[in-house]
Amino acid sequence: MAGVFDGLQVLDLSWGIAGPMTTMMLVDNGARVTRIERPEGDPFADQTGYRVWHRGKRSATIDLRSPQGHTAFLALASRADIVVETFSPGTTDELGIDHATLCAINPRLITCSISGYGRHPDHADRPGYDALVAARTGLLYDQKGRRGTAFEYIVGRDGPHPEYDAPDGLVRGADRPGPVFPRTPWPSIGANYVASLGIAAALCAREVTGRGQHVETSLLQGALAAISLNWQRVENPDATLYWMWPIDSRSIEGIYECADGRWVHHWTVRPKWVLGAAEAERPQDVVLDTAYRDDPDRISMEADGFLTGIFLHPLLAEAFKKFPSSDWVEAGALAGIGVALVRSPAEALADESFLADGCVVEVDDPEVGRIRHVGSVLEFSSTPGGVTAPSPRSGAHTAEVLAEAAAIIASPAAPTRPTTTTGEAGEGSEGGTGPRPGVSLAHPLAGVRVLDLGLGVAGPFAGRVLADLGADVIKVMAMHDGYWSGTHMGLGTNRGKRSIAVNLKHPLGRAALDRLIEQADVFTVNWRPGAAARLRLDFDTLHARFPRLVYCNTRGYEKGPRSDLPGTDQTAAALTGTEWEDGACDAGNPPLWSRSNMGDTGNALLAATAITAALYHRERTGEGQAVSTSIVNAGLLHTSYAWIASDGTSADWGHVDGDQHGLSPYYRLYQCEDDAWLFVAALTPEHRLRLLHAVTGHAVSAVEPPNTRGDAGAALEAALEANLEADLEAGFRSRPAAAWQSALDALGVPAEVVDESFCRTIFDDPHARAERLVSETWASGVGRFEDPGLLVGFSDTPSVIQGGPCMCGEHTRQLLREHGYTDTEIDDMAAEHAVLDAPIERP
């Protein structure tokens with residue numbers, strides 16, 4: 001069966017990380033992606049991720065600045081569906097390939113731009129390299145968390161219990177204060193997620209309107225996506241339930257060293273079980289007799305739980321050291337709780353269970369032979385995708401692509417719609433509607449109704465991003481969900497929705513849900529295997545009644561031996577190598593669970609992308625289907641720069657140094673005279689020589705044209721290599737960080753001061769507020785609620801903030817009325833505890 005994007009033609013003008021990853025997700029799901037490379041080569045061609053991210057694509061070398069190359073590209077664009085580019089602002093205008101130009105020759109074309117900072121006037125002209133964006137936005141200060149939590153720092157407060165420090169011995173990654181560099185490129189990862197979602201949404205809208213549009217996002221918005229649940233500013237931060245400790249830099253996080261020197265991540269922390277298991281002859285002999293919610297000895301997420309964790313940490317650390325990691329992992333599996341081995345990316349890719357699932361695949365690379373890397377991360381029941389080919393040699397398809405362009409020039413014709421999987425055009429296919437001439441959409445998913453039964457973060461965050469695309473998202477809550485909905489995570493995941501609270505064990509409550517399903521387009525959950533079937537809410541049952549329904553049930557792990565275990569952001573990060581690399585474990589450090597980790601939110605964004613793609617498919621065919629993904633899939637995507645050979649040897653993907661400054665002397669953090677930090681990204685020989693001359697005083701001309709020094713420049717770098725970092729560290733200590741940034745800006749060397757307070761200032765940034773990069777709504781308890789806003793923009797069908805976070809049962813009566821219930825019936829249902837009717841008066 002063909003992939004969900006089968007028949008789509010994509011031109012890939014991207015380089016770096018976010019763009020290539022975005023087009024990888026398109027090609028994995030059936031699109032024909034042609035990578036257009038420039039004759040002078042790709043400045044990032046030596047990164048190991050290219051062998052993964054360019055798989056399945058064609059590669060053609062075309063000079064867009066030459067008349068012949070420009071004409072050929074315009075011809076290809078006239079028949080294309082999507083163009084993805086990562087140029088600096090203004091470059092597409094200069095090249096004559098901007099959206100307006102391309103749209104004039106192909107009105108159905110969707111163009112996607114991924115820049116460093118979008119159109120923000122204070123940032124747009126800054127170099128858009130990933131680590132520089134992480135520095136300028138202060139994301140490097142969020143890796144270990146901020147003292148008291150980020151949202152307390154944002155409002156200038158210390159947070160609860162300021163008299164307490166982290167417990168002795170609690171070290172994450174490098175044991176030093178200040179910002180740290182993680183291996184995971186979080187701004188690019190976030191931009192990939194939202195760009196992929198934006199393209200799917202634009203395709204969905206095009207099936208209705210018949211028009212393409214310009215989709216825009218940036219690494220700045222990617223950084224906001226990564227940190228979206230942590231950066232909040234509220235009117236009343238002392239509101240009951242709001243504060244939670246897991247992102248506080250002082251808090252425990254369940255990462256412990258075992259007797260064999262390996263680390264495990266135990267989450268959520270169950271101290272009674274751990275301490276009891278440590279006293280047994282084997283930890284596998286101790287069972288768990290209560291669920292997490294019912295465990296009186298669990299560590300709560302409130303301020304008292306924070307103190308409990310600090311006091312218990314030494315005991316838990318001592319307990320885990322009594323047995324090897326394999327015993328603890330097995331004990332956790334037997335007890336049904338989360339205990340995962342912290343593994344390197346190479347170990348993750350060697351996992352046979354991952355290979356059997358398909359989240360890891362083997363391909364025959366034309367240059368290095370058989371290798372393993374991340375597989376396709378989106379799953380579809382009717383339109384399954386997959387990795388079809390390795391990354392091609394650069395320019396391997398140039399002649400083929402130029403011949404196609406020449407044929408188009410010789411016989412121009414209007415672009416055609418992709419065919420359905422049955423081979424018929426969408427407007428003629430059974431159940432498909434096709435574009436409606438003259439029809440406009442207010443938002444990409446306007447008119448789509450979503451039932452969100454998701455739990456925690458990974459489930460409901462998908463509903464939040466669908467709401468931002470204009471969908472009518474109904475959050476179906478349990479009667480007891482009032483606690484979670486008032487926390488900072490609950491507020492952050494439920495923006496823009498309406499809420500109904502039902503008791504699914506009561507016949508009237510279940511009947512109410514059934515009535516909601518009858519009018520739904522999408523049904524989404526993230527329940528453990530078998531839970532939906534026991535309630536007759538599984539895909540097969542619902543699909544038989546509602547064949548147009550798009551059904552999503554995401555998982556924690558791969559389909560395999562871990563399927564029944566509780567999946568969390570933390571344990572998936574351990575299993576897939578993210579914590580290993582972000583903590584620089586190869587340098588001997590403890591693992592680091594980054595506070596910008598996107599396990600849960602990445603799973604949610606993948607789910608939202610799959611749902612939107614399935615809606616696109618339904619518009620063409622009338623067919624609903626089941627879609628899925630997992631937190632593990634997201635984790636493997638985060639480390640997709642990694643691959644291993646068939647014999648288990650690893651590629652050299654670059655490892656972070658033990659002090660977590662960066663990847664090399666030229667791509668790292670430096671502390672300056674004023675103790676502020678500067679990140680330098682001297683990626684070209686010219687950048688490096690100018691950096692050395694400016695900072696160390698070595699007499700190297702900084703004005704010669706690039707690529708003219710040859711052996712002399714290489715010899716100089718080699719001679720300095722032994723003492724290079726020490727020389728640069730000493731040099732940067734001679735001036736304040738801002739002065740160094742100005743000096744390097746004048747020399748054209750990319751660098752950024754690490755802005756610790758960016759998370760504060762962005763909420764008062766006039767442009768950020770005008771462009772809805774930050775959102776201001778209202779939520780019960782906390783009052784004014786501000787958080788990261790719209791993460792992807794559309795020229796024709798804009799995104800929207802529909803309202804503040806919903807509370808448990810807030811819209812029960814309104815929704816039941818919409819579905820045919822009378823007020824008397826609703827009163828009776830509430831009296832019988834079949835539903836919770838808890839309206840809130842909003843300002």
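Predicted model: local features only at pLDDT ≥ 70, side-chain atom pairs only at ≥ 80, totals over all residues.
## Confidence

The protein chain has a mean pLDDT of 93. Of its residues, 94% reach 70 or more. Residues 420-430 have pLDDT below 50. Beyond near neighbours in sequence, that stretch still shows 23 contacts in the model.

Residues 699-709 also stay under 50 in pLDDT. For residues 699-709 the model has 19 contacts beyond four places in sequence.

## Helix α29

Helix α29 spans residues 737-747. Its buried residues are A737, W740, Q741 and L744. They lie on the same side of α29, because they cover an arc of only 100° around the axis.

## Salt bridges across the chain

The model holds 64 salt bridges. One of them joins E367 and R51, with an N to O distance of 3.2 Å. The two residues are 316 apart in the chain. E367 sits in the loop between β11 (360-365) and β12 (369-374), while R51 belongs to helix α2 (residues 50-53). E367 counts as partly exposed, because its relative accessibility is 46%.

A second pair is E253 and R595, whose closest N and O atoms are 2.7 Å apart. This pair links parts of the chain 342 residues apart. E253 lies in the loop between β7 (233-234) and β8 (255-257). R595 lies in the loop between α23 (578-582) and α24 (599-621). Are E253 and R595 buried or exposed? Both are buried.

E347 and R262 form a further salt bridge, at 3.0 Å from N to O. Here the separation is 85 residues. E347 is in helix α13 (residues 345-349), and R262 is in the loop between β8 and β9 (263-266). E347 has a relative accessible area of 29%, so E347 is partly exposed. R262 is also partly exposed, because its relative accessibility is 23%.

## A salt-bridge network

Which residues are linked in a network of salt bridges? The members are R233, D764, R769, E776, R784 and E786. R233 falls within β7 (233-234).

Terms used:
Residues numbered from 1 in each chain as written. Heavy atoms only, no water. Buried < 20%, exposed > 50% of the residue type's maximum accessible area, 1.4 Å probe, protein only. Helix = DSSP H or I, 4+ residues; strand = E, 2+ residues; numbered from the N terminus. Arc of directions from axis to C-beta. pLDDT = per-residue confidence, 0-100. Contact = heavy atoms within 4.5 Å. Salt bridge = Lys/Arg side-chain N within 4 Å of Asp/Glu carboxyl O.
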